[in-house]
Amino acid sequence: MIENDNLLIIPDNTQYWFVRAGSKAEYFDDFAYNNYIAIGDNNIALGTLQNIELKYRATPDILKQRYKKIFKDSFINEYKENNDTKNMDEQDIKKDMANITRSASISAIKTYDFIEKMKIGDIILIPNNGSSNFRIGIITSNPFSDPIKHIFIPSDNDATIASYTYSNYDKKRRVAWIKDITEKDLPDKLLWIKSAHKAIFDVTNNAQSINPLIATYYFYKNSFYARIGVGTPNPISSTQWLAFQQVIVETTTDIADKVFQKHKVESIGQIILQTAAEHWDDILAVCIVLFGQVSTSIKGKEFHINGLLTNFYPSFREQKRHEKIMHKHEEEKAKLLIDGLKKDNTLKDLEIKERENKLIEQLTVKKTKKALLEHTKNDYSLNDSQKKILDSINLSDDPVGNEIPSKMQENNLNSEMVKHEKEKKQ
């Protein structure tokens, strides 16, 4: 049943990332409880990378090469500090240097992706140990290196010891967690990720497979989508398929040839319906018929089209806080200029924070669009025979996985803003 009036819009420029929570997912609980993700290589400070000169930022390739040089130099210096190279065999040194160069390149690319390519609003997936469960979230901050105030949860055996491992990784981003899913929910195209060893993967090419995990109804790249769960473990007969297709054709009438379908219904599976964004109401009408809502009760219903954070965090308190901080930053910048006290680092921090606020604003403060469902195509309804056939397939619009309550996360997500405000008052 379509129980609420919220429809999700996923921005076209959203990127999708798979991030490991440590080499053996030992930080999965830490990331989950404390709303962040992080990467290591702490010997190279975040500030060093953020302050790379503009001449190296002319193109992404030049910047990436600069990252590799910084990491290679750092790794080699550490090697020389820990090894007496004067008394080592030359061939051993060459072999070690080749390994160091390879490791430095891997670390550099990982860090480059985390700092330079990731952005607020991107979707994150992290696996637990064994990849039997995954947590899905939305990035809500730029990179930072400030310490995390870990939630203390005592272990069963000793109330003075935490029940999970704290990460010591230095480079972090805040994440609003929205869903827990299991391995069986993971798209087939992403199953390879379980055996891959990199710390970060850009899986944006799999956006069409990941989006149905996030929401049942959503807009993405000028199309509207609906996920229909197929709950029967039995083979679907031609008669059952025909009954399903009849609903689509007879409900959407003149735009039936503009409604497209993707099926994955071996055993328990799903059907994805897609059409142009302007025909969103036709797809919704199909689902209303399939899931048994009375057409007269849905006519004239107003649906709210929300951004990612607004959709999952209806009580998210950052909206007014962001507006206040942005206004305060403008005043502070003006004061710095007037008093002649402008400092490059301070101004840069303010500009970074403003950009961060504007990005979050797109996800939370953005004006909610509204759309009206004017009719349900000729008041089409199922007859008893169709109902019986379709009931045997066990169709539903139930969301995938378990939604993570927003209330329990807001303090973590707000903490960076609170800290920032306090620092500015000092």
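A salt bridge is a side-chain nitrogen of Lys or Arg within 4 Å of a carboxyl oxygen of Asp or Glu. Keep that in mind, and remember that this is a predicted model.

Why look for such pairs? Side chains of opposite charge can pair when their charged atoms come close. By this rule, the count here is nine salt bridges. Let me take you through some of them.

Start with Glu183 and Lys194. Their side chains form a salt bridge, 2.1 Å from N to O. Both residues sit in the loop between strand S6 (171-182) and S7, eleven residues apart. Glu183 is partly exposed, at 29% relative accessible area. Lys194 is partly exposed too, at 31%.

Next, Lys117 and Asp202. Here the closest N and O atoms of the salt bridge are 3.8 Å apart. Lys117 is in helix H4 and Asp202 is in strand S7 (residues 200-202), so this pair ties together parts 85 residues apart in sequence. Lys117 has a relative accessible area of 30%. For Asp202, the figure is 37%.

Now Glu116 and Arg57. This salt bridge spans 3.1 Å, N to O. Glu116 belongs to helix H4 (residues 90-117), while Arg57 lies in the loop between helix H2 (46-50) and helix H3 (60-82). That puts them 59 residues apart. Glu116 is partly exposed at 26%, and Arg57 is partly exposed at 28%.

Last stop: Asn35. Where is it? In the loop between helix H1 (28-34) and strand S3 (36-39). Is Asn35 buried or exposed? Buried means under 20% relative accessible area. Asn35 has 1%, so it counts as buried. Its side chain makes a polar contact of 2.8 Å with the side chain of Asn412. Beyond its sequence neighbours within four places, Asn35 also contacts other residues, including Asp30, Arg173 and Trp177.

Conventions:
Residues numbered from 1 in each chain as written. Predicted model: local features only at pLDDT ≥ 70, side-chain atom pairs only at ≥ 80, totals over all residues. Heavy atoms only, no water. Helix = DSSP H or I, 4+ residues; strand = E, 2+ residues; numbered from the N terminus. Buried < 20%, exposed > 50% of the residue type's maximum accessible area, 1.4 Å probe, protein only. Polar contact = N/O pair within 3.5 Å; in protein donor to acceptor, adjacent residues only side chain to side chain. Contact = heavy atoms within 4.5 Å.
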